[in-house]
Structure formats: C-alpha cells, structure tokens
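Please read it with the structure open.

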Amino acid sequence: MVRVHIEFSGGLELLFGNQKEHDVDVPVQDGNQGLTAGHLIAWARDNMLRERPELFMKGSTVRPGILVLINECDWELSGAAESLINDGDCVVFISTLHGG
C-alpha cells in the first residue's frame, strides 16, 4: 500500500463527492515496482469517482484539460502516467476547462 494525498479542484471535486482533499491507501499492482500515476488514476476512478467518469478520464488517462501535479511538479516532467508515486506524495488534479 502507498499512502497518497489527493486533491481535486477546478470543478473536479464535484465528481468526487464534493470533497477536495483525500488521504488514501492505494494498493500496488502485483509484479510492479511501485505505484504509477496511471494506476492511481484508474484506482481513483474505480474507488473514489461518484459520477460522470467521462469528465475525468479519456481512455486510460485523464482527459485533456486536466492538469496533474505530483508534489507540485507537472507530471509531464516526470513521465506522465508512468511517474512513480511514493508514500506520502501529493497528487493534485486541476480542471482547466470551464463552462460559460
């Protein structure tokens, strides 16, 4: 298990029970070295998401327009979905898309 602090903002919190911050224990997949961001996203979809998964994910990753930060760093700089998530890390999902 990996203990992760997850935050949702920019409207994404509405999909996750209207709660912005979560401290969760995420199991590591069998045979993997550790928890990847891609596995964390799939786990959040399956275990935390309350409604409208199409607004959070497209295929096996987050939808375009969702910024993902791992310990305040853009996940694109550390490997995107292949980024390793360690015990105590903070992962933030921010929707940059707004209706109007």
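The points below are grouped by topic, beginning with the sheet.

The model is predicted. Its open sheet has 5 strands in the order S2-S1-S9-S6-S7, with mixed pairing.

**Sheet layout**

- The edges of the sheet are formed by S2 and S7; each has a single partner strand, so one side of each lacks a neighbour in the sheet.
- S2 pairs with S1 in the antiparallel sense, over 6 bridges.
- S6 is antiparallel to S9, with 5 bridges between them, and Leu69 has Val92 of S9 as its bridge partner.
- S6 is also antiparallel to S7, here over 2 bridges, with Ile70 standing opposite Cys73 of S7.
- Burial in S6 extends to 4 of its 5 residues, and the strand is mostly covered.

- Asp25 forms a salt bridge with Arg3, with 3.1 Å between the closest N and O atoms.
- This pair links distant parts of the chain, since Asp25 lies in strand S2 (residues 21–26) and Arg3 in strand S1 (residues 2–9), 22 residues apart.
- Arg3 also stands opposite Asp25 of S2 in the strand pairing.
- Asp25 is partly exposed, at 37% relative accessibility.
- Arg3 is likewise partly exposed, with a relative accessible area of 37%.

**Other salt bridges**

- Side chains of opposite charge can pair when their charged atoms come close.
- Asp46 and Arg45 form a salt bridge through their side chains, at 2.8 Å from N to O.
- Asp46 has 54% relative accessibility and counts as exposed, because the cut-off for that class is over 50%.
- Arg45, at 30% relative accessibility, counts as partly exposed.
- Glu54 and Arg52 form a salt bridge at 3.1 Å, N to O.
- Glu54 is partly exposed at 42% relative accessibility, and Arg52 is partly exposed at 43%.

**Positive phi angles**

- Most residues other than glycine have a negative phi.
- Arg52 has a positive phi, near 45°.
- The position of Arg52 is in the loop between helix H1 (37–47) and strand S4 (57–58); its side chain is the one that meets Glu54 in a salt bridge.
- Asn71 also has a positive phi, near 50°.
- Asn71 belongs to the loop between strand S6 (66–70) and strand S7 (73–74).
- The hairpin of S6 and S7 has 2 residues between the strands, and the positive phi of Asn71 falls within this hairpin.
- Asn71 is partly exposed, with a relative accessible area of 42%.

**Largest pocket**

- Which residues line the largest pocket? They are Gly10, Gly11, Leu12, Leu15, Leu55, Arg63, Ile66, Ser95 and Leu97.
- By class, the lining of the largest pocket comprises 5 nonpolar, 3 polar and 1 charged residues.
- Ser95, one of the lining residues, is found in strand S9 (residues 90–95).
- Ser95 has a relative accessible area of 12% and counts as buried, because the cut-off for that class is under 20%.
- The side chain of Ser95 reaches the backbone oxygen of Leu97 at 3.3 Å, and Leu97 is also among the residues of the pocket lining.

Technical notes
Residues numbered from 1 in each chain as written. Predicted model: local features only at pLDDT ≥ 70, side-chain atom pairs only at ≥ 80, totals over all residues. Heavy atoms only, no water. Salt bridge = Lys/Arg side-chain N within 4 Å of Asp/Glu carboxyl O. Buried < 20%, exposed > 50% of the residue type's maximum accessible area, 1.4 Å probe, protein only. Pairing = 2+ DSSP bridges. 1 Å grid on protein atoms, 1.4 Å probe; cavity = no way out; pocket = protein on both sides within 12 Å on 5 of 7 lines; lining within 4 Å. Nonpolar A, V, L, I, M, F, W, Y, C, P; charged D, E, K, R; others polar. Polar contact = N/O pair within 3.5 Å; in protein donor to acceptor, adjacent residues only side chain to side chain.
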